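User: Hi! Could you walk me through this one? I'd like to start with how the chains meet.
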2 protein chains.
Amino acid sequence: MLVDKFILPEGKVYMCGHSLGPSLKTISDAMCNTLQDFASYGVSSWNKSGWIDLPYTLGTKIAALVGANSDEVIVSDSTVVNLFKALKAAMSLQKGRNIILTTDDNFPADLYIAQGISEVRYIKDTKADEIYENIDETVAVLMLTHVNYRDASVLEMKAINDYAHKYGVLIVWDLSHSIGIVPLDLEASGVDFAVGCTYKYLSGGPGSPAFIYANRKHHEVMQSPIQGWMGHNQPFAFEKEYASSGVRKFMSGTPAILSMKALEDALEVFDRSLIDKAYSIANEYSSLLIESLKNCDIEVYAPQNRGGHVALTHKHGYAFSRALIEASFICDYRAPDLVRLCVNPLYISLDNIESCIEKIRFIIEKALYLKPEYNQMQKVT
Amino acid sequence: MLVDKFILPEGKVYMCGHSLGPSLKTISDAMCNTLQDFASYGVSSWNKSGWIDLPYTLGTKIAALVGANSDEVIVSDSTVVNLFKALKAAMSLQKGRNIILTTDDNFPADLYIAQGISEVRYIKDTKADEIYENIDETVAVLMLTHVNYRDASVLEMKAINDYAHKYGVLIVWDLSHSIGIVPLDLEASGVDFAVGCTYKYLSGGPGSPAFIYANRKHHEVMQSPIQGWMGHNQPFAFEKEYASSGVRKFMSGTPAILSMKALEDALEVFDRSLIDKAYSIANEYSSLLIESLKNCDIEVYAPQNRGGHVALTHKHGYAFSRALIEASFICDYRAPDLVRLCVNPLYISLDNIESCIEKIRFIIEKALYLKPEYNQMQKVT
């Protein structure tokens, strides 16, 4: 759809956008301009170049993509830090309840954060019915990931929110694998809090800052555990006591400007209609992959409602992923046996998908995953 | 000393390095190379370009500058988030004590974080004797800033640590205004925890990531409130339970690589002997400023042991700072009446200091601070 806007690894099909979205061509210019401002004006750029407003201006852009009001989103910190803030804020609104309910197969980073905060109860099977069965009035917060990082299945956000609210449960959504590829409407879905990263489907660059959403209805009462001075109503008044309001409460320290500016550049590409189209084509691609690999010696996950990647399991999963990468299809591996293929149509074509299917069949046929060089583990997988 | 290594605002004397250090000339190349890696290799750069190790490789470099062991420092998040982690970790080691003791004139950002965590007791006067007087066995944590952001006075780190330890008090130091300009020896000084920013005297770029130090003696027992997956002993094993050790416990989410790489480039410039020399020359410069402005209609702070800036107060402080900036001396203003001048000899010469003195005298003589255009407040000061 927009392949000309990206720089893709030469001679490769980049099917790893669910992990790190590829670089936009304009990012170099955006960086040069920022470095130029820094060099020419030094500290004055905080005013002159609007650096100080970036958490809010980028928040407004993200809000437009997820169906939120512009005063409900900021860009700040990492997903992990934002999840910590959102969970703690939600928990502190739920006096007398101390359980965080989540799914067994949630992204481990999310589980670790929850485990550090309170008692965690796990739902064994990530299905709506199972989720409903586990919701009761002892639960403080339901923490869910919208698109599962393993099988790419998508949860029904509105139905789950509605059900949980009946029991007075607040919901914190992780949208890391959703934003930029799955249509979202946070306000209409009645979301309480949400967080997400911007370096996957939004191509914000490696480790680009994350976002945090807080529904207006919580703004007055909610408190962030991290009372960041950048969220003070008047950060440069240097008052002794903390005072903050609205989503500003979730601001922490000085934003990492270089990373913020790269993200700002990437966000120029996106609007909701583009995401709608990308979602629809991604679904065609994933259907084709799923259908075509049905009768191969490999298991393909086929959830009915899918995000932007397709997941396969294979008993030699890691070596299988190495073989596919060697054959120029950049995919990734998640322990213990999962291989993931991103089908983002912004830079992946139908031709790419068809060649990928062919290559997977070839790897299986020739058992290429048995080669010793594919069986040595790397640090980041 | 190293003026050729920096890009300085043209025709200006940049005396704002205590707020944002100026750009190094090499930062553009460092950024270009990083963007090239990103574009060419996408997600593979996490391994190929060592991105995944940056929090530790940069931590090792910072450790060398502050007299710490390389396994005691990581680079991660912002100062505010790191201070939150350090304070919470220190508090949780102090069962039965709930008071954070700090100074009344500590940097407000630090006060806000402490206020969000526990009961805060304030020391009215930031002097060693006053600090000692307030230390007793009800205090859990003493939170101090090494170089005062207002008057640039430096606290005696070792003596204070020794005294506090006698009462079982743990100390968290903020080194934001120290690192890169004041010699530090954290191990010899018996520091428990420390945090600091890297965008002032280390010129890491706007909002460059902060560091956090934890003394080895606390590694086994300490816990971070934010159980970040990047700190998991095996982040890519995707285990369900969190397990982390050493200073890794303070890692949170995916590091902002662009900002990390700019900092990596800046750190190439620094070693301890350079900082020793810079400290000594900065002291000559500040002595000269203090002596020369004694008899002007302005109050100059003259602490005996000083950091890298000189502070003046003037009843028209903000307008005074605007007049000085207009006269090409980039300084900054801190509410309600403080004007700060950085004297970092890495890029400021004796000539610069002498012209600055002359200009200050001129502004006072002509009462230029009364001009209406200097009395309109900007967003970031």
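This is a predicted model: local features need pLDDT of at least 70, side-chain atom pairs count only at pLDDT 80 or more; totals for chains, interfaces and linings use all residues.

User: Which surface do the copies meet through, and why do you say so?

Analyst: They meet through the same surface, because 100% of the interface residues of chain B are also interface residues in chain A.

User: What rotation superposes chain B on chain A?

Analyst: A rotation of 180 degrees does it, with 0.0 Å of shift along its axis and an RMSD of 0.0 Å. That is how a two-fold axis relates copies.

User: Nice. How many salt bridges does the rule find across the interface?

Analyst: Two salt bridges are found across the interface of chain B and chain A. Over all chains, the count comes to 30.

User: Which residue forms a salt bridge with B:Lys240?

Analyst: That would be A:Asp104, and the closest N and O atoms of this pair are 2.6 Å apart. A:Asp104 also forms a salt bridge with A:Lys124, where the closest N and O atoms are 4.0 Å apart.

User: Where do A:Lys124 and A:Asp104 lie in chain A?

Analyst: A:Lys124 is in the loop between β6 (119-123) and α6 (128-134), while A:Asp104 is in the loop between β5 (99-103) and α5 (108-115), so their pairing ties together parts that are 20 residues apart in sequence.

User: Switching to helices: at roughly what angle do α3 and α10 of chain A cross?

Analyst: The axes of α3 (residues 54-66) and α10 (residues 257-267) of chain A cross at roughly 30 degrees and come within 11 Å. The crossing of α3(A) past α10(A) is left-handed.

User: Which residues make that contact between α3(A) and α10(A)?

Analyst: From α3(A) they are A:Leu54, A:Pro55, A:Leu58, A:Lys61, A:Ile62 and A:Leu65, and from α10(A) they are A:Ile257, A:Met260, A:Lys261, A:Leu263, A:Glu264 and A:Leu267. By class, the contact of α3(A) with α10(A) has nine nonpolar, three charged and no polar residues.

User: What about chain B: how do the axes of α3 and α10 run there?

Analyst: In chain B, the axes of α3 (residues 54-66) and α10 (residues 257-267) come within 11 Å, crossing at roughly 30 degrees. α3(B) passes α10(B) in a left-handed crossing. Among the residues making the contact are B:Leu58 and B:Ile62 of α3(B), and B:Met260 and B:Leu263 of α10(B). The contact of α3(B) with α10(B) divides into nine nonpolar, three charged and no polar residues.

User: On to the backbone. Which residues does a cis peptide bond join in chain A?

Analyst: A cis peptide bond joins A:Ala335 and A:Pro336, with omega about 0 degrees. A:Pro336 is in the loop between β14 (332-334) and β15 (338-342) of chain A. In chain B, B:Ala335 and B:Pro336 are joined by a cis peptide bond, with omega about 0 degrees.

User: What is phi of A:Asp77, and where does A:Asp77 lie?

Analyst: Phi of A:Asp77 is near 55 degrees, a positive value in a residue other than glycine. A:Asp77 lies in the loop between β4 (73-75) and α4 (79-92) of chain A. For background, most residues other than glycine have a negative phi.

User: And what is phi of B:Ser203?

Analyst: Phi of B:Ser203 is near 50 degrees, a positive value. B:Ser203 is found in the loop between β9 (193-196) and β10 (211-214) of chain B.

Note on methods
Residues are numbered from 1 along each chain as its sequence is written. Chains are lettered from A and ligands numbered from 1 in the order in which they are written. Side-chain values use heavy atoms; hydrogens and water are left out. Copies are superposed by least squares on the C-alpha atoms of residues with pLDDT of at least 70 in both. Contact means heavy atoms within 4.5 Å. Axes are lines fitted to C-alpha atoms, for helices over the stretch in contact, and angles run from 0 to 180 degrees between N-to-C directions. Helices (H or I, at least four residues) and strands (E, at least two) are DSSP runs, numbered from the N terminus. A crossing is left-handed if the near helix is turned anticlockwise from the far one by less than a right angle, and right-handed if clockwise. Ala, Val, Leu, Ile, Met, Phe, Trp, Tyr, Cys and Pro count as nonpolar, Asp, Glu, Lys and Arg as charged, and the others, Gly among them, as polar. A salt bridge is a side-chain nitrogen of Lys or Arg within 4 Å of a carboxyl oxygen of Asp or Glu.
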